[in-house]
Amino acid sequence: MFANAQNHRVFHFDFYGNPVNVSVAPSFHVPYTSSLSNQSVQSFYSAISSSEYEPIVEALTSFREQHQLDDWLYYQLIRATAERISPKAENYHRYTLYKWFLLLKSGYASTLSVSENKLLLYVQSDEAVYNIPGQNLNGKNYVCLNYHDYNNNIDFSKEQFSKLLVDVPATPKPFSYKINRLPDFDEDSYEDKELRFEYYQTGYNFKVKLNRQVKKIFANYPVVEYESYFNIPLSNETYSSLIPLLKENIKRKSQKDGIDYLMRFTRYAFLFETDTKVFGAEKRLSPEQTLLSEYSDCEDRAALFFYLVKEIYNLPMIVLSYPDHITIAVGFDKPIKNPIVYNGNAYWVCEPTPQKRDLRVGQLLPSLRKQPYEVVYAYHPSAVAIK
């Protein structure tokens, strides 16, 4: 960071392998030392709205377009920028106010809720999010972006919050949690992880390239709809180190045996543990997070197996949610025994989570046979299945 001739402070930082340069005018440095209240926040907003903020927003939105950032990653860019301008540890409320303002000026409908000592940041989203607070404003759903900063623990029945309403963008865009691509990380930032499993007495070893920065990206990612997190892709280097190897190992197998191979890879190449023991709460991992993590549960393995089958075979699939379990059923080209029929189409259970019994393709856990289930996501390929 340095100052230029116009006394602008220029911040240079790395964002997952890509350089970011943001020039900040003196007028954009608005102090916030008052007690937290709607009035003091409104005063901050009035002052910063009169500042030279346009070049900052333009720099951020240009970076977003150049690197095709989805909303979640763009919000991480806003967080990184706010941290440089007003470090979180020095003045949390001011840091949060900068994030809020940059979201607003980037085209998102965003609002704040203020209590005596807490400041909650909300953004409008049309998607279902399950483990963070939300509120309805003018018929639109807003979800909280910084609940984790309060340890995901606020007693809203005891602590009173007031809403702060300001002008929203003329044509606000809803915030989406869908992630269609991960950053182009530097190749040097990847590490090799060895994965092993046995497929009918034959051992297989993989060296998969993984990037620990993926954990940072998803550190505060909430529980979202199955469709959203099942379709989060792998990063380029991870994809290139794993998918071609899997394709090579199954190229001489029938479709059923190839799916069985992917099922057993997902089942046995990772250690099982529940989210409660690992994270202290429910957390759905993306496919790459599951590859990174030492432990994973049934939801995480279902997401990884779904991704592998979709990427390699592109077959129809349904996600079955039981009261205490998640599994996948695949629509094969050739029928086998014991199908599950959904919307007139046949699917066969492929259990990607280790069980006491060695379940084969088409076999459901006996304990689930009489339990109710819900199809929480149905995938239908838009292209001809890959052979």
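This is a predicted model: local features need pLDDT of at least 70, side-chain atom pairs count only at pLDDT 80 or more; totals for chains, interfaces and linings use all residues.
Local features were taken only where pLDDT is at least 70 and side-chain atom pairs only at pLDDT 80 or more, whereas totals for chains, interfaces and linings use all residues. Residues are numbered from 1 along each chain as its sequence is written, and side-chain values use heavy atoms, with hydrogens and water left out.

Helices (DSSP runs of H or I, at least four residues) and strands (runs of E, at least two) are numbered from the N terminus. The axes of helix H2 (residues 54-66) and helix H3 (residues 71-85) come within 11 Å and cross at roughly 145°, where axes are lines fitted to C-alpha atoms over the stretch in contact and angles run from 0 to 180 degrees between N-to-C directions. The crossing of H2 and H3 is right-handed, the near helix being turned clockwise from the far one by less than a right angle. With contact taken as heavy atoms within 4.5 Å, Leu60, Thr61, Phe63 and Arg64 of H2 meet Tyr74, Leu77, Ile78 and Thr81 of H3. The residues of this contact comprise five nonpolar, two polar and one charged.

Helix H11 (residues 298-312) has 15 residues and spans 21 Å from its first C-alpha to its last, close to the 21 Å expected at 1.5 Å a residue, the expected span being 1.5 Å times one less than the number of residues. Because 13 of the 15 residues of H11 are buried, the helix is largely enclosed by the rest of the structure; buried denotes under 20% relative accessible area, exposed over 50% and partly exposed in between, with a 1.4 Å probe and protein chains only. At the start of H11, a side-chain oxygen of Asp297 reaches to within 3.2 Å of the backbone nitrogen of Glu299, and the helix is followed by Asn314, whose phi is positive, near 55°.

Tyr200, in the loop between strand S9 (191-199) and strand S10 (202-210), counts as partly exposed because its relative accessibility is 33%. Leaving aside neighbours within four places in sequence, Tyr200 is in contact with Asp260, Arg264 and Arg360, and its side chain is joined to that of Arg360 by a polar contact of 3.1 Å.

Glu159, in the loop between strand S7 (140-144) and strand S8 (162-164), is buried, with a relative accessible area of 19%. With neighbours within four places in sequence again left aside, Glu159 is in contact with Ser115, Asn117, Lys118 and Ile154.

Conventions
Ala, Val, Leu, Ile, Met, Phe, Trp, Tyr, Cys and Pro count as nonpolar, Asp, Glu, Lys and Arg as charged, and the others, Gly among them, as polar. A polar contact is a pair of N or O atoms within 3.5 Å; within protein, one must be able to donate a hydrogen and the other to accept it, and residues adjacent in sequence count only if both atoms are side-chain atoms.
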